[in-house]
2 protein chains.
Amino acid sequence: MARPSVKSEATRARILEAALGVFRESGFHAATMREIAAAAGVALGAAYYYFDSKNAIVLAFYQKAQDEMAPGLDRDLASARTLETRLRRVIQRKFETFAPNRALLGALSTNIDPDHPLSPFSKATADIRDRDIDFFERAVRESAVRLPSSVGPYLPRLLWLYQMGLMLFWVYDKSPAQARTALLFDKTLGMILLALKLSELPFLRPFYRPAGELLKALYGEA
Amino acid sequence: MARPSVKSEATRARILEAALGVFRESGFHAATMREIAAAAGVALGAAYYYFDSKNAIVLAFYQKAQDEMAPGLDRDLASARTLETRLRRVIQRKFETFAPNRALLGALSTNIDPDHPLSPFSKATADIRDRDIDFFERAVRESAVRLPSSVGPYLPRLLWLYQMGLMLFWVYDKSPAQARTALLFDKTLGMILLALKLSELPFLRPFYRPAGELLKALYGEA
DNA sequence: CTCTATTTTTGAACATGTTCAACATTGCGA
DNA sequence: TCGCAATGTTGAACATGTTCAAAAATAGAG
């Protein structure tokens, strides 16, 4: 009974690298599994031995990126106290991590269908998603900010959603150096934080109450 | 030089109907062009003579639905004055129109990639989109509501985006009778209208100013 | 080392979206 | 009515994601 060998791992890595290369070269769609296999120096079938599908390769890429990103995120969170700085750093790091493969990220996040394997909302990406949300959980939990009880429990998931939207915008942002995304990020983050502060004003109760009710109904108690 | 004959139109319609049937039966993905052609009683190639691609069939479906929806929307807008009622009716009608093909709509809106033909943001869907936005333009323009100048010009597009999000949520809403979507619709529409009213308070300037700046930068002057 | 079970590798085969060249039908001017 | 150009129809052919049975390499027990 042979255990996963070093050689096997190397072959897998080689295929993954080859795939990323081909993806960068021709884009996710135009890239063919035959090209990828050829670039990795293996037969077509071998690619399928290591990865369930072309989609699965993209998932593996994201998972790897997430692994590499984690220590940096730990540092980010360790060195900042205010919620604004914490969020800014966490999201900024995601941008930086994926910058070299910005286009490829499109293949992963282009699908909204929760039944599609590559959707950010699918079961196949649940692990990835939970790990991602966890960083926002930490960003919120250990920060010195008073949260309205109506949104508090849902804030990490909402922030993840917000950041997901930003990433989507970024992936397809054709402005130089993705300046539009930078602007969107800057302004909206400010607005979000201001909205959280304003939620303490009794005056604005009529606005925040339905939001709280809605979140409770959609996400459940918890 | 023969002009498009009645017979030709009939064949096209037959293929479209057959396709919708197969889509409803097996879902967009599982449906094959060969099935569709067979169901329509034509050869595979004929389907491609009338529709550029499988995707194009979905576009044709949406376009037809839009045509059928237009008179109703006209009536909706003629018979309501307040912005809330106008928006509620317009969006409600879209839900009702697409209800029988809710799942199929997923095939159209699942993709966010602006380069994907079936994306609500693509060039291929620009006509459809513009017509859609136009209804929101009318809903806003002829209504008796004071709009903050900072968002006014962008409101139709923003509302279209909002409604797009609702439709997406709805398509994948697995709750009985899509009750969750109904709740989301009800609460968020109320919040939007309240937000528009609150925008007149000088007190909340710090919140609305960045929003206006952002919209101006992203959408341009206009 | 030898043998066997497991892991890895291979490429043919299959299904399906799409293209295309050939064929059939139709409309119309003469 | 005849001939021809435009329109409509056909199915074979192709590319590509995926499956699979068979072959090759490998590891470990004896």
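## Two chains and their contact

The contact between the chains takes 25 residues from chain A and 25 residues from chain B. Helix H9 (179-198) and helix H10 (205-219) of chain A each supply at least two residues of the side of chain A that touches chain B. By kind, the residues on that side of chain A divide into 16 nonpolar, five polar and four charged. The model described here is predicted.

Chain A is superposed on chain B by a rotation of 180° with 0.0 Å of shift along its axis, and the RMSD is 0.0 Å. That is the relation of a two-fold axis. In chain A, the C-alpha nearest the axis belongs to A:Asn111 and lies 2.5 Å from it. Both copies use the same surface, since 100% of the contact residues of chain A recur in chain B.

### A residue of helix H9 in chain B

B:Arg180 has its place in helix H9 (residues 179-198) of chain B. Is B:Arg180 buried or partly exposed? With 17 other C-beta atoms within 10 Å, B:Arg180 is partly exposed, because a buried residue needs 20 or more and an exposed one has 12 or fewer. Leaving aside neighbours within four places in sequence, B:Arg180 is in contact with B:Asp173 and B:Ser175, and also with A:Leu218 of chain A. B:Phe169 is eleven residues from B:Arg180 along the chain, and the C-alpha atoms of the two are separated by 8.8 Å.

### Helix H7 of chain A

Helix H7 of chain A covers residues 126-141. At 1.5 Å a residue, its 16 residues should span 22 Å, and the end C-alpha atoms are 22 Å apart, which agrees. Which residues of H7(A) are buried? They are A:Asp132, A:Phe135, A:Phe136 and A:Ala139. These residues cover an arc of only 90° around the axis, so they lie on the same side of H7(A). An α-helix has 3.6 residues a turn, so residues three or four places apart point the same way.

The face of H7(A) turned away from the buried side carries exposed residues: A:Ala126, A:Asp127, A:Asp130 and A:Arg141.

Notes:
Residues are numbered from 1 along each chain as its sequence is written. Chains are lettered from A and ligands numbered from 1 in the order in which they are written. This is a predicted model: local features need pLDDT of at least 70, side-chain atom pairs count only at pLDDT 80 or more; totals for chains, interfaces and linings use all residues. Helices (H or I, at least four residues) and strands (E, at least two) are DSSP runs, numbered from the N terminus. The expected span of a helix is 1.5 Å times one less than its number of residues. The arc is that of the directions from the helix axis to the C-beta atoms. Copies are superposed by least squares on the C-alpha atoms of residues with pLDDT of at least 70 in both. Two residues are in contact if their C-beta atoms, placed from the backbone, lie within 7 Å. Ala, Val, Leu, Ile, Met, Phe, Trp, Tyr, Cys and Pro count as nonpolar, Asp, Glu, Lys and Arg as charged, and the others, Gly among them, as polar.
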